[in-house]
Amino acid sequence: MVDILDDRPLKGRGTVSNRVGRFEAHARMRTDDGWARAGHDGWDEEADLEVATATQVRLDTSRSVISYNDSPDVNFDRSINPYRGCEHGCVYCFARPSHAYLGHSPGLDFETILYAKRDAPALLAKELRAKGYTPQPIALGANTDAYQPIERTERITRGVLEVLRDFRHPVGIITKSPLVLRDLDILAPMAADGLARVSISITTLDRDLARKLEPRAGTPQRRLDAVRQLSQAGVPVSVLASPMIPALNDAELEGILAAAKEAGATQGHYILLRLPRELGDLMEEWLRLHVPDRADHVLSLIRQCRDGGRNHAEFGTRMRGTGVYAQLLTARYKLAVKRLGLDQRRWSMRCDLFQPPPQAGDQLALF
């Protein structure tokens, strides 16, 4: 396993570090002892590194697909994540530490060693048919993006949506990928029945900054175009101006919300940067590599919002932070969404339409 790959950014990757996870007993580091250079004429270091950091897709063998939570900070109690790890490579992703549970690094491994739940649609249908199941909106992609690049070929998310459509089950999608437009043929009819909504994440309108923060995600303009097309198709859309990173992109908060309104969004939200577990070190490395002149200032402001640390996990404050700086950001947000009309209350999702479709062997109804 690689610890520090280099002091240069890797093309198409969010991190250059592959620090071992918190459960590993030993730290490991890639070294060059000279043998590769000496033994191979014309050895290409860049090509070797590209092979070492290529995306791998492995099979996820989980026996269930719906995850449940009791967090008061989110408006859903269940979610589905078709993938573990995310090729978008967003350096700030709060899901990175979850890769440590698989024996991988939350760094480069998180964006290169991916797990696909290829039987997710079948598992979902089985769980929805379970006796006593009570429908409530399912969040699709709450941890890792359901429309990350490998979905183009895996098509697991589409399979999940087909099941939810057939069961007439409400779903809310959270993504930063324009690939969601591929499934408008499913989402638009579901939305017309009050069964679907989409939240698009837009971190910055600065394309250069976006390329460094989230290297394999769609550009900010493509995401705004996705908001526009979803809205025009009748799918309710909210925009998440997230995460807000002090002294890096927080000055864009009002601009992102205004652009979202112009594109057709009806709600706007934000989340302050969260740095759980290994993510704190990964984010600090990124700051010192890409914005060394501001790194200390950004980290100082983060600590001011997190009671002196880099993270604070308490319910109620983990999404917004504490202290004067966090309060100022919240005040700016409230003024902006009120002025733009993006402060609508949560959408109501219909659960009364839920009906498992007939399957082979079912007894026919008499009436």
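Tutor: Before we start, buried means under 20% relative accessible area, exposed over 50%, and partly exposed in between, with a 1.4 Å probe and protein chains only. This is a predicted model, where local features need pLDDT of at least 70 and side-chain atom pairs count only at pLDDT 80 or more, while totals for chains, interfaces and linings use all residues. Residues are numbered from 1 along each chain as its sequence is written, and side-chain values use heavy atoms, with hydrogens and water left out.

Student: OK, helix H4 then: how many of its residues are buried?

Tutor: 7 of the 9 residues in H4 (residues 120-128) are buried, so the helix is largely enclosed by the rest of the structure. Helices here are DSSP runs of H or I with at least four residues, strands are E runs of at least two, and both are numbered from the N terminus.

Student: Which ones are buried in H4?

Tutor: Ala 120, Pro 121, Leu 123, Leu 124, Ala 125, Glu 127 and Leu 128.

Student: And what do they pack against?

Tutor: Strands S2 (66-68), S3 (78-80) and S6 (138-140), plus helix H6 (156-167). Contact means heavy atoms within 4.5 Å.

Student: Which residues touch the most other members in the largest nonpolar core?

Tutor: Leu 124, Leu 128, Leu 161, Leu 164 and Ile 173, out of 64 residues in that core. A nonpolar core is a set of buried Ala, Val, Leu, Ile, Met, Phe, Trp, Tyr and Cys residues joined through side-chain atoms within 4.5 Å.

Student: What is Ile 173 in contact with?

Tutor: Leaving out neighbours within four places in sequence, the contacts of Ile 173 include Leu 140, Tyr 147, Leu 161 and Val 180. There's also a second, separate core of 25 residues, with Cys 90 and Phe 110 among them.

Student: Switching to sheets: what order do S1, S5 and S4 take?

Tutor: They form an open, mixed sheet in the order S1-S5-S4. S1 (56-59) and S4 (83-84) are at the edges with a single partner strand each, so one side of each lacks a neighbour in the sheet. Strands pair if DSSP finds at least two bridges between them.

Student: How many bridges join S1 to S5?

Tutor: 4, and the two strands run parallel. Arg 58, for one, has Tyr 115 in S5 as its bridge partner.

Student: Last one: which residues meet where H9 packs on H10?

Tutor: Leu 224, Val 227, Arg 228 and Ser 231 in H9 meet Ala 259, Ala 260, Glu 262 and Ala 263 in H10.
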